[in-house]
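Please review the structure displayed below together with this briefing. The notes that follow are grouped by topic.

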Amino acid sequence: MRFEGSTDYVATPDLMLAVNAAITLQRPLLVKGEPGTGKTMLAETVAAALGLPLLQWHIKSTTKAQQGLYEYDAVSRLRDSQLGGEHGSRVHDIANYIVKGVLWQAFSAETPTVILIDEVDKADIEFPNDLLRELDRMEFYVYETRELVKARHRPIVFITSNNEKELPDAFLRRCFFHYIKFPDKETMQSIIDVHYPGLKKTLIREALEVFFELREIPGLKKKPSTSELLDWLKLLVAEDIPPEALRAKDQKAAIPPLHGALLKNEQDVHLFERLMFMARQNR
């Protein structure tokens, strides 16, 4: 089982190597990188390319590791016991109130699956440690039903992180790690060709120049990402903005049209406007 890339996702050779290394080692692939570099989409692409079902677990600040295994719905059981009748007959079997999580679904699947644990760093610091045993041994115990759940097939696990929190060393030891570097102009051109194959080369060239110049501005609070570049290009095409409109005669003295797709806070807009003003003063 090897990932050889996809026509819908531009995977660099080192990224494909990392995916296949994680599959060979049977360890989770921990993927880091700037927001918008395709970390989440990687799991979707690999699942589609290998013909495997994808189970997604999007982590929030309130998410607990137990939720990935199962949850005991005690409230529903209490309600059924009060209602009686047909509902009351279910109360005696506690298994009726066990809600299977993503990991249980993957462990019990008849075929191998791909699991995406998205943005693991959003949760509490203990969250990764609480999953160590389950991800390592591919089994867990259900105390309510006294059942040991073992994985029929070891799933391919993708874990993404935006580096909001440091992950524990014990967790890192059990993962294969890959950092998705921000695409260079050549790779970005390939990404654009996948999403907008009919786009004019002159528009792409001018848009990439403006985009990478924006990213190089010192002090920018949030650099524009790949997904934001794609949004900007979509707007430029929708509004029929010509390539020459992306630049003034003085290349550093004009804010790009529809810049709201690239600059997402007032500090960065004000910073860019100040740089424009200084460029005009120095002309």
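Leucine 167 is found in the loop between β8 and α9 (169-173), where helices (H or I, at least four residues) and strands (E, at least two) are DSSP runs numbered from the N terminus. The model is predicted: local features need pLDDT of at least 70 and side-chain atom pairs count only at pLDDT 80 or more, whereas totals for chains, interfaces and linings use all residues. Residues are numbered from 1 along each chain as its sequence is written, and side-chain values use heavy atoms, with hydrogens and water left out.

**Surroundings of leucine 167**
- Leucine 167 counts as buried because its relative accessibility is 7%; buried means under 20% relative accessible area, exposed over 50%, and partly exposed in between (1.4 Å probe, protein chains only).
- Apart from its neighbours within four places in sequence, leucine 167 is in contact with Leu30, Lys32, Val120, Pro128, Ser161 and Leu172, contact being heavy atoms within 4.5 Å.
- A C-alpha separation of 8.9 Å is computed between leucine 167 and asparagine 129, which lie 38 residues apart along the chain.

**Strand β1**
- Strand β1 (residues 29-33) is largely enclosed by the rest of the structure, because 5 of its 5 residues are buried.
- In a regular strand, side chains alternate between the two faces of the sheet.
- Both faces of β1 are covered, with Leu29, Val31 and Gly33 buried on one side and Leu30 and Lys32 buried on the other.

**Pairing of β1**
- Strand β8 (residues 156-161) runs parallel to β1 and is joined to β1 by 4 bridges; two strands pair if DSSP finds at least two bridges between them.
- Serine 161 in β8 stands opposite lysine 32.
- Strand β9 (residues 176-180) also pairs with β1 in the parallel sense, over 5 bridges.
- Phenylalanine 177 in β9 is the bridge partner of leucine 30.
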